[in-house]
Amino acid sequence: LGLVVFLQSRPEKGVRQGERPRPLPSLKGQAMDKISITSKGKTVVLKREGKEKWNLIQPVSYPADKYSADTVVEKLQALEFGDLVTEQKGRHAEYELTGDKSIHVVAEAGGKKVADLYLGKVLDDFTMLRTANKDDVWQAVGALRHAFEREVSNWRDRNVINFKQEEARQLVVTTTAGTIKLKRKDDKAKWE
């Protein structure tokens with residue numbers, strides 16, 4: 001009876017027990033405050049000011065788009081991994097983990113580097129990933145490139161005017177063709 005229980009309770013051959021190995025420690029809960037992203041030979045550096053505000057500090061100094069910066073942090077904190085793809089450095093080009101094809105991401109928290117990684121080719125809903133100074137190529141769950149690969153203008157805050165629409169009572173638009181004035185008495189009234 002003991003032999004039957006032992007044979008039925010042991011895992012099947014090839015089934016992993018315990019936690020999956022990871023190329024880098026979990027970033028959940030890390031209060032990242034500086035993120036450097038290099039893509040297509042251009043580097044963008046985002047720096048958190050306080051709890052909510054992000055600034056673009058390289059290549060220009062400008063308020064950053066909060067949604068884009070927060071998305072990058074969320075993607076880094078939620079990183080999950082599939083399997084090890086290869087340990088061969090010679091295959092990095094095949095997985096777009098070299099040169100201008102890769103995206104180099106460095107994240108810091110309190111002046112300490114918490115992640116230094118390269119994102120490569122997306123295959124079957126996995127993004128090929130390797131950490132700096134290592135040859136191992138891993139599957140990162142999800143298509144991650146879109147969150148990190150943006151033009152500089154897409155990292156900048158694009159708000160021109162920020163106000164609550166219900167508080168507006170008058171709007172004046174002046175162009176070379178003339179001026180248009182819109183008014184309303186309160187937030188329920190129609191614009192005239």
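Visitor: Which helix and which strand each supply at least two residues of the lining of the largest cavity?

Guide: Some ground rules come first. This is a predicted model, in which local features need pLDDT of at least 70 and side-chain atom pairs count only at pLDDT 80 or more, while totals for chains, interfaces and linings use all residues. Residues are numbered from 1 along each chain as its sequence is written, and side-chain values use heavy atoms, with hydrogens and water left out.

Now your cavity. The two elements are H2 and E7, each with at least two lining residues. (Helices, H or I with at least four residues, and strands, E with at least two, are DSSP runs numbered from the N terminus.) A cavity is a set of points on a 1 Å grid over the protein atoms alone where a 1.4 Å probe fits but cannot get out, and its lining residues have an atom within 4 Å of a point. By this rule there is one cavity of 30 Å³ or more. The largest cavity has a volume of about 30 Å³; that is the space filled by probe spheres set on the points, which are joined across faces, edges and corners.

Its lining is made up of Lys-75, Leu-76, Leu-79, Leu-117, Leu-119, Leu-144 and Phe-148. By class, six are nonpolar, none is polar and one is charged. (Ala, Val, Leu, Ile, Met, Phe, Trp, Tyr, Cys and Pro count as nonpolar; Asp, Glu, Lys and Arg as charged; the others, Gly among them, as polar.)

Follow H2 next. This helix covers residues 66–77 and lies across E1, E2, E3 (53–58), E6 (103–109) and E7 (112–123). It runs at about 90 degrees to E1. (Axes are lines fitted to C-alpha atoms, for helices over the stretch in contact, and angles run from 0 to 180 degrees between N-to-C directions.)

E7 leads us into the sheet. Nine strands make an open, antiparallel sheet in the order E4-E3-E2-E1-E6-E7-E8-E9-E5. (Two strands pair if DSSP finds at least two bridges between them.) E4 (62–63) and E5 (81–86) are the edge strands; each has a single partner, so one side of each is left without a neighbour in the sheet.

Move along to E8 and E9. E8 (126–131) pairs with E9 (137–141) in the antiparallel sense, over four bridges. Phe-126 stands opposite Val-141, and Met-128 faces Gln-139. E9 is largely enclosed by the rest of the structure, because four of its five residues are buried. (Buried means under 20% relative accessible area, exposed over 50%, and partly exposed in between, with a 1.4 Å probe and protein chains only.)

E5 joins E9 through three bridges, again antiparallel. Here Thr-86 stands opposite Val-137.

Finish with Val-85, which is found in E5. Its relative accessible area is 28%, so Val-85 is partly exposed. Leaving aside neighbours within four places in sequence, Val-85 is in contact with Tyr-95, Met-128, Val-137, Trp-138 and Gln-139. (Contact means heavy atoms within 4.5 Å.) Val-85 and Asp-136 are 51 residues apart in sequence, and 7.5 Å apart in space from C-alpha to C-alpha.

Terms used:
1 Å grid on protein atoms, 1.4 Å probe; cavity = no way out; pocket = protein on both sides within 12 Å on 5 of 7 lines; lining within 4 Å.
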